[in-house]
Structure formats: C-alpha cells, structure tokens
Amino acid sequence: MDIDDDIISSFTSKIPGYPFPARRCVVCNVVCTAMTSTPIDLMKLVHGFDIKYNPQRFAAVVCRLLNPRITILMFESGKIVITGGKVIEEAFYAMALYKELLIKQTGISNVCFEDCREQNLVASVSIGGYIDITAMHDEHGLNAQLNPTI
C-alpha cells in the first residue's frame, strides 16, 4: 500500500535530511462486520467448544482462532465482528468457519451472511526519520488536535 507523497511531504518538508530511505506500509488489523440471516442462540454455540461467553459481562460470544490470529464476536442479534486479520481474505475465512460452527451447533441449515463489509483498517508506516508533531500542530491546528501529556 503506497502513501500519497503529497501528504507525507506536507508533514515532513521542514525536517532536515528528508527524504529518508524507502518507506514500507504494513497493515496491522482489518475489522469486518456482517449479519446472519437469523438471530443466534448463543448458549448453543458455547456448548462443547472453547468459546468464552459471559452475558453479564459482555453481550457477545468471543471466539479466538489461532491460525490466522482472528477474534470473532458473535451477538445474539446475528451481528458478527471479525478483527485481527492482516488481509480481508482472513476475515472471510473466519466467516466460513463461523458458518460451519453455526450449522453444526444450532442446526440452522440456511445460514447466510448479509451486509458483509470492511469497517476499519489499521496500518503503520515508518518514514525513517523524525516528525516534529508540535510544529505540525502549529501549522495545521484547525484540523488537528495535540495533547502532549498522553
């Protein structure tokens, strides 16, 4: 994934030694959501599997996959949230596993996912140098907030 050079240069143009060596953007997390075609009995999902469910603490079943490292939150309404993947295909793979689990545990044979979409993508990039965030805030203060105590 390439970062727009105009955006980078607007923040780094005053830094001595810029341009720095090549940048590499790395996707850290992909968050996707979907809805099942029917509400889910969460208690049926928990039985016989290593799935966490404590309805007094959190309203969703939490299922963690090890490979790929993905967490699936399953709500009684049928909404699912998939987080932790590095690419969207991992989220779709997790949805397929979840569908198998639903069919096996609840007996619902016509499970289908609706409104599947990517909600968020988190990435990091190293520009190989220093960014003066105070100067950046001074220049773009109307469009940015800075709290140096955090």
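Student: Where in the chain is Gly128 found?

Tutor: Gly128 is found in the loop between strand S5 (113-126) and H4, where helices (H or I, at least four residues) and strands (E, at least two) are DSSP runs numbered from the N terminus. This is a predicted model, in which local features need pLDDT of at least 70 and side-chain atom pairs count only at pLDDT 80 or more, while totals for chains, interfaces and linings use all residues. Residues are numbered from 1 along each chain as its sequence is written, and side-chain values use heavy atoms, with hydrogens and water left out.

Student: Why is Gly128 called partly exposed?

Tutor: Buried means under 20% relative accessible area and exposed means over 50%, with partly exposed in between (1.4 Å probe, protein chains only). Gly128 has a relative accessible area of 46%, so it is partly exposed. Gly128 also lies 9.6 Å from Arg24, C-alpha to C-alpha, although the two are 104 residues apart in sequence.

Student: How do you know that Thr36 is buried?

Tutor: Thr36, whose place is in strand S1 (residues 24-36), has a relative accessible area of 5%, and this is under the limit for buried residues, so the word applies. Leaving out residues up to four places away in sequence, Thr36 touches Gly78, Tyr98, Leu102, Cys112, Phe113 and Glu114, a contact being heavy atoms within 4.5 Å.

Student: What lies 2.7 Å from a polar atom of the side chain of Thr36?

Tutor: The backbone oxygen of Thr38 lies at that distance from the Thr36 side chain.

Student: What makes Asp115 and Arg117 a salt bridge?

Tutor: A salt bridge is a side-chain nitrogen of Lys or Arg within 4 Å of a carboxyl oxygen of Asp or Glu. The side chains of Asp115 and Arg117 meet at 2.5 Å, N to O, and therefore count as a salt bridge. A search of the whole structure finds one salt bridge. Side chains of opposite charge can pair when their charged atoms come close.

Student: Are Asp115 and Arg117 buried or exposed, or what lies in between?

Tutor: Asp115, at 48% relative accessibility, counts as partly exposed, and Arg117, at 44%, counts as partly exposed too.

Student: What value does phi of Asp115 have?

Tutor: Phi of Asp115, a residue that lies in strand S5, is near 55 degrees, a positive value in a residue other than glycine. Most residues other than glycine have a negative phi, and most peptide bonds are trans.

Student: How do you know that a cis peptide bond joins Asn67 and Pro68?

Tutor: The omega angle of the bond between Asn67 and Pro68 is about 0 degrees, and Pro68 is found in the loop between S2 and S3.

Student: Which residues have the most contacts inside the largest nonpolar core?

Tutor: They are Ile40, Leu45, Ile72, Met74, Ile80, Ile82 and Tyr98, in a core that has 24 residues. A nonpolar core is a set of buried Ala, Val, Leu, Ile, Met, Phe, Trp, Tyr and Cys residues joined through side-chain atoms within 4.5 Å. Helix H3 gives the most to this core, with six residues. Ile80 touches residues including Cys32, Leu73, Met95 and Phe113, not counting residues up to four places away in sequence.

Student: Why is Leu146 called partly exposed?

Tutor: Leu146, whose place is in the segment after helix H4 (133-140), has a relative accessible area of 31%, so its value falls between the limits for buried and exposed. Leu146 makes a nonpolar surface patch of about 210 Å² with Ile131 and Ile133.

Terms used
A polar contact is a pair of N or O atoms within 3.5 Å; within protein, one must be able to donate a hydrogen and the other to accept it, and residues adjacent in sequence count only if both atoms are side-chain atoms. Patches are made of residues with over 30% relative accessible area and no salt bridge: like charges are joined within 9 Å, nonpolar side chains (Val, Leu, Ile, Met, Phe, Trp, Tyr) within 5 Å. Accessible areas come from the Shrake-Rupley method with a 1.4 Å probe; for residues, only the protein chains shown count as cover.
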